[in-house]
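Subject: A structure for you to look at

Hi there,

Here is the structure I promised to pass on. Have a look at it first, and then read my notes below.

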Amino acid sequence: MMDGKTRLVGVMGWPIGHSLSPAMQNAAFRALKLNFIYLPLAVRPQDIEAAVRGALALNFDGFNVTIPHKVNVIPCLDRLDESAQAMGAVNTVVIRQGETVGYNTDSEGFIQALHAHGVDVAGTRVALLGAGGAARAVLFGLLRNGAKTVAVGARHVAEAQKLVQAFARDNQSAQAFFWQDTAFNAALQECDIFVNCTPIGMSPHDDGMLPFDPTIFPRHAVLCDLVYNPRLTTFLSIAGRQGYRTVPGADMLVYQGARAFELWTGQPAPIELMQKTLTTIL
Ligand code: NAP
């Protein structure tokens with residue numbers, strides 16, 4: 001029930017109608033009886049600066065930012081935490097005493113989702129497909145948490161090279177490949193963890209399939225897909241039937257949202273309930 005003390009948060013994006021975050025965050029606030037509301041905020045690309053000023057003027061506690069604002073919001077903020085600074089992108093803003101601080105909870109969300117499935121990335125060999133914003137967060141999280149090697153495959157190898165140059169500690173820890181290169185194929189055949197960081201298989205193109213068969217991976221490999229709609233992509237559903245352990249993108253979505261919830265409220269997020277809410281919508 002809203003009243004004069006209701007605290008405001010939300011998500012700025014364009015378009016924003018597809019966002020699952022309002023349902024997930026509002027369910028969490030209700031469950032913990034917190035007097036917060038999370039609003040979908042349709043903000044055109046050219047209006048991000050005015051929108052940040054508006055959030056300050058309206059006494060918001062913070063907000064998420066999604067496509068296309070994750071990079072362009074940075075000059076509008078007072079400061080960035082270490083993760084947002086390293087990634088050069090923000091997905092969560094906290095407002096305290098008139099100061100706007102940008103965070104990036106995507107990489108932590110990915111690592112937490114793996115932990116929830118009993119997977120520790122330290123010492124593992126990882127293969128990633130894709131070199132966009134999500135791959136950036138995943139690569140940062142993997143290297144920061146001690147992955148031994150990360151092979152980044154992309155259809156534009158120059159994009160993969162940029163990513164690797166931004167984060168790799170040395171030439172061995174991360175390497176860029178053209179995705180149809182035999183060397184990338186070899187990395188797929190010997191990886192412990194594979195992550196699809198492309199939108200292949202995302203609704204409405206649900207039947208989209210990665211350019212290799214799931215059986216290329218070793219039997220022990222954990223296969224992750226960042227696509228969260230549908231909850232079970234064609235890739236993950238084939239892999240699951242073949243006996244692989246799989247981690248769906250919805251889990252990362254929950255954990256990155258849970259971290260934002262904790263930054264705004266200072267309370268542990270009700271993870272299971274957020275997961276159930278997403279599963280119901282998806
Ligand atoms: P992005 O910045 O646009 O990057 C997409 C990457 O995928 C680029 O490297 C792009 O390569 C590649 N790609 C796109 N279509 C492809 C295709 N048909 N074949 C091969 N490569 C293709 O997007 P993003 O923000 O990284 O998001 C990627 C996916 O992750 C989306 O489905 C998004 O919904 C999901 N995601 C999930 C979460 C979560 O919490 N689960 C968080 C963030 C993102 P080019 O440069 O060649 O186009």
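Leaving aside its neighbours within four places in sequence, which residues is Asp 106 in contact with? Please keep in mind that this is a predicted model. The residues in contact with Asp 106 are Lys 70, Asn 91, Ala 137, Met 252 and Gln 256. One of them, Lys 70, also makes a polar contact with Asp 106, side chain to side chain, at 3.1 Å.

As for where Asp 106 sits, it lies in helix H4, which covers residues 106–116. Is Asp 106 buried or exposed? Its relative accessible area is 11%, and buried means under 20%, so Asp 106 counts as buried.

Now for the protein as a whole. Its secondary structure comes to 10 helices and 12 strands. Of its 282 residues, 52% are buried. The C-alpha atoms fill a box of roughly 60 × 35 × 30 Å along the principal axes. A compact globule with 282 residues would have a radius of gyration near 19 Å, and the protein agrees with that, at 19 Å.

Contacts across the sequence are worth a look too.

The accessible surface is about 13,100 Å², and carbon and sulfur atoms account for 52% of that.

Enjoy exploring!

Best wishes

How values were computed
Residues are numbered from 1 along each chain as its sequence is written. This is a predicted model: local features need pLDDT of at least 70, side-chain atom pairs count only at pLDDT 80 or more; totals for chains, interfaces and linings use all residues. Side-chain values use heavy atoms; hydrogens and water are left out. Helices (H or I, at least four residues) and strands (E, at least two) are DSSP runs, numbered from the N terminus. Buried means under 20% relative accessible area, exposed over 50%, partly exposed in between (1.4 Å probe, protein chains only). A polar contact is a pair of N or O atoms within 3.5 Å; within protein, one must be able to donate a hydrogen and the other to accept it, and residues adjacent in sequence count only if both atoms are side-chain atoms. Contact means heavy atoms within 4.5 Å. The radius of gyration is taken over C-alpha atoms; the globule rule is 2.2 Å times the number of residues to the power 0.38. Accessible areas come from the Shrake-Rupley method with a 1.4 Å probe; for residues, only the protein chains shown count as cover.
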